Structure formats: structure tokens, C-alpha cells
Amino acid sequence: MKMSSTFIAALGLAAAALLPLRAASAQAKQPADEIQSAYQAARQAMVRGAADIPLLDQATLKLPAGFIFVPKAEALRLLRAMGNRPGDDVLGMVFQERQDRPGFVVVRFIKSGYIKDDDAKKWDVAQLLTSIKKGTEEDNADRRKRGMHEIEILGWVQAPQYDPATHRLVWSLASKAKGAPDSEERGVNYNTYALGRQGYFSLDLVTGMNSVEAEKPGAHTLLASLVYKDGKRYADFKPGSDHVAAYGLAALIGGIAAKKLGLFAVLAGVFVKFAKVILVAGIAVLGLLTKIFRGKRAAQTPPAPPQV
């Protein structure tokens, strides 16, 4: 499948729009040929549902029909071509085949150890939001020094919800660049987590404010489709011998865990590393990137995904 010059040009413009968020001037130019190569590699490696996708030695993603999985190597390459700096904990990306679903999901596994969920019984979502806003303002001072965009937290798209029966957490924040008009389309991370014995899976939907409500059901479908293997489930935890994380469940909201442990500066979890492409470049680029996976089905059966 050959990409049109219009498509390549549009991606080039999107990459140029990312420049204010890049830390190094060496990354100031995003070659169109790398975007094209990343796209071609992702399309060749993609797996259509229904299919079982192995995720490390931890779980299986029972990818439903209508969804497309891009394996780790190709997902990392595509995210980097889009101007992001993903970590090695990325295991793949998931797209929907429907044309009216412009977002994508980034699948990660964080080997944090067992995370105690006791604090979910007593957290105050209003207080959490206040804390996140305060932390964001503190981080904005550093962003000003770096010449980066300042961020304003507007409120919850989805107030934190935790299901103690399934050990799944969902939350999402609305944010915008300071000074941006309220009418401007904004990027959103809709964050979903599945806790396990040795860590947790993060399935983060990256989309726009105008489409997040329509895409929530798909995000929940994917979350429910992740099945831990025997011995790796949250209920398989062995007190006294298994490693326990240094933070609780509330730390997964707003990047508080990373701030507490001093791992890296996180803007209250607004980006989770991946949303900056839509925050700055605009939601239109998401539609361009996701449509490349939504053509007619190939005549041949797609290859099975590699073990990640």
C-alpha cells in the first residue's frame, strides 16, 4: 500500500508542530521517510482480532474482533516517529478498525511489585484533583525554564474508579495548554490499569476530547480482555515472599508514584508519555495515523505476533 504525498506531508506538519515539546534540538526534524517506514513496518506486523496476544510471561490479551494489535518493536518505532520517547515497558499498540474511532491504546507492563489497594477505600477524588493541580503548577515552573508549554488541569474526564473484585482502575484528566482557547480540540489520555501479582498492565487510550466518550466502551472492552496467567494474578500474591511496591493504588493516579520516587518529572500524568502528539499537533493527526490500519482485510491470514 503506497502512501499519498498528501498523507506524508500531513505527518510532516504534525511532526513540525511537536517541536516546542522536544528537549533536544537534534530532534528538531522528523524525516518523512522514517514516518513512512514506521507505518509500513507496523502495517506488515499488525494482527487483527479475534486473536490471542501473549504479553510477556504475565498475561494474554484476547484481542476482540474489530481491533488491531501492533507488536512491540513496530509500536516503539511508530511512537518514536510520532515524536514520543516511549520506554521499553511498551508492549504494543491497539487500534480499532472503525473509522469513527480515531484513538489508539498503548499497552505497557510495569513490574512494580504487588500494589496494595487499601487506599482506594478512603481516597477523596476532589482532594486528589486539588493535589494534581497543585503539582502541575509546581511542574510548570520547571517547564517555563525549559521553554516548554505550561499545562492547565481542567478537571476529571473520568473520576478514579477502582473495582476491588477485578482489581482494575480507570481514570482520566482533562487538560490544555495554558492560553489555548477553550474551543480548541484537546488531547486526552483515558487511563486503564489491571493489577497483578508482580506489577500492573497499563492500557492507555490516547484520543481527543470530542471523541473520548465514544471510545470509552472500546477501552473498557480491551481492559476486560486482558487475562492474567495462573500464578500471575493479583490473588496469587504470597505475603512475606513477594515484592510489594513502595506506593499504593492512589499513586497510579496523576503520576504521583513517579514523583514520589524521583524517577522523572511527570506533569500530573497528563501525557503518560504519549499524548503530546495530539496536545500540540491537534487531533487531526490521530485520524491520519489510525486510518492507515483500517483498509480492506488482507486476503492472507496475518502472521501471529512475536512473543513480547
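**Close-ups of a predicted model**

View 1. With 51% relative accessibility, E213 counts as exposed, because the cut-off for exposed is over 50%. Its partner is K216: the two side chains meet in a salt bridge, 3.0 Å from N to O. K216 has 12% relative accessibility, so this residue counts as buried. Both sit in helix α5, and because they are 3 residues apart there, about one helical turn separates them. Keep in mind that this is a predicted model.

**View 2. The open sheet, strand by strand.** Here you can follow 8 strands in the order β1-β4-β5-β6-β10-β9-β8-β7, with antiparallel pairing. At the edges are β1 (47-48) and β7 (151-163), each of which pairs on one side only. β7 teams up with β8 (residues 168-177) over 9 bridges, again in the antiparallel sense.

**View 3. Helix α3, tucked in.** Of the 10 residues in α3 (residues 72-81), 7 are buried, so the rest of the structure largely encloses this helix. Which ones are buried? They are K72, E74, A75, L76, L78, L79 and A81. After α3 comes G83, which has a positive phi, near 100°.

**View 4. R48 and E97, a buried pair.** The side chains of R48 and E97 meet in a salt bridge at 2.8 Å, N to O. This pair links distant parts of the chain: R48 belongs to strand β1, while E97 is in the loop between β5 and β6, 49 residues apart. Are these two buried or exposed? Both are buried.

**View 5. D89 and R108, a loop joined to a strand.** Another salt bridge brings together the side chains of D89 and R108, at 3.1 Å from N to O. D89 is in the loop between α3 and β5 and R108 is in strand β6, so the pair ties together parts 19 residues apart in sequence. R108 has 10% relative accessibility, so it counts as buried.

**View 6. A salt-bridge network.** Four side chains to find here: E137, R144, E150 and K178 are linked in a network of salt bridges. How many salt bridges does the structure hold? The count is 12.

Key
Residues numbered from 1 in each chain as written. Predicted model: local features only at pLDDT ≥ 70, side-chain atom pairs only at ≥ 80, totals over all residues. Heavy atoms only, no water. Buried < 20%, exposed > 50% of the residue type's maximum accessible area, 1.4 Å probe, protein only. Helix = DSSP H or I, 4+ residues; strand = E, 2+ residues; numbered from the N terminus. Pairing = 2+ DSSP bridges.
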